[in-house]
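Here is a short note for your review. Please read it with the model open.

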There are 2 protein chains.
Amino acid sequence: MRPLFHPSVEEVRPEAILHALSDPERAAIFAEISGAGCVQACSAVAVVGDRTIPKSSLSHDIKVLREAGLIRCERHGVEMRNHSRCGEIEGRFPGLLASILSAYALVAREPGVG
Amino acid sequence: MRPLFHPSVEEVRPEAILHALSDPERAAIFAEISGAGCVQACSAVAVVGDRTIPKSSLSHDIKVLREAGLIRCERHGVEMRNHSRCGEIEGRFPGLLASILSAYALVAREPGVG
DNA sequence: TCAATAGTTCTGATGTTCCGAACTATGGTG
DNA sequence: CACCATAGTTCGGAACATCAGAACTATTGA
């Protein structure tokens, strides 16, 4: 398997970040990876709320996050470890990820529409 | 023409904001509306960079921004006036819009890929 | 070598986006 | 009022994106 593509921090584009995080499920996956610092994905993040994400979808979501520059993925044996690149992104776009994650955390705490 | 739908600030969802602003063209339109405070759209914002947005696309973009809660649109005679709802959103999601607009402004100042 | 585990790619159904053409709404002029 | 011009919306089809099941690949362990 060829090494996975990761954009350098200079190549990271705001539209890619916003697109990646405009899906609440993907945002939740990213929040979990960021919170844990290093998570054994994808199985470890496969449940969001009360939904189990199909593994093909999860694989796709992880790819979107990776290609947006939000996470770094490394194979360790049979599994993938996903690290948040929060720190790097914070250096380039100060406050961006924190305010996005806070916004989602805020609405998650509210009664909600469902 | 029935009055346009505007979500109340409590109904505004982060995913809608991120989705709306994940298109750089739409983000530029929003930045222009926010910068001007009140812009006679849609014609006034129809040129982004060196591209003139077709009016059906522009109408759609304005609608996406409006339904995301980012702008408020009022008909004044034959034209529409678009106001940014930055202030309201700032109260609900502090720092969110500022960091997004800063991120775009930052990459706009860079040499760029093209 | 074979099985198990973890994740990726393929594929087709469903949904979204884009934009020209046709349409609607408002205001001005005679 | 009839008519035109202006500003924006809606329609419709082509192009593109997303979702998830099935089939596949890669790695480890027995």
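Predicted model: local features only at pLDDT ≥ 70, side-chain atom pairs only at ≥ 80, totals over all residues.

1. Residues are numbered from 1 along each chain as its sequence is written, chains are lettered from A and ligands numbered from 1 in the order written, and side-chain values use heavy atoms, without hydrogens and water.

2. Chain A has 5 helices and 5 strands (DSSP runs: H or I of at least four residues, E of at least two, numbered from the N terminus). From the N terminus, the order is α-α-β-β-β-α-β-β-α-α.

3. The radius of gyration of chain A (over C-alpha atoms) is 14 Å, close to the 13 Å from the globule rule for 114 residues, so chain A is as compact as a globular protein of that length. The rule is 2.2 Å times the number of residues to the power 0.38. The C-alpha atoms fill a box of roughly 45 × 30 × 20 Å along the principal axes.

4. In chain A, 41% of the 114 residues count as buried (under 20% relative accessible area, 1.4 Å probe, protein chains only).

5. In chain B, helix α2 (residues 24-36) packs against helix α3 (residues 55-67) at about 70 degrees, axes 10 Å apart. That makes α2(B) roughly perpendicular to α3(B) (65 to 115 degrees).

6. Residues R26(B), I29(B), F30(B) and I33(B) of α2(B) meet residues of α3(B), including L58(B), I62(B) and L65(B) (heavy atoms within 4.5 Å).

Notes:
Axes fitted to C-alpha atoms, helices over the stretch in contact; angles between N-to-C directions. Parallel < 35°, antiparallel > 145°, perpendicular 65-115°, else oblique. Buried < 20%, exposed > 50% of the residue type's maximum accessible area, 1.4 Å probe, protein only.
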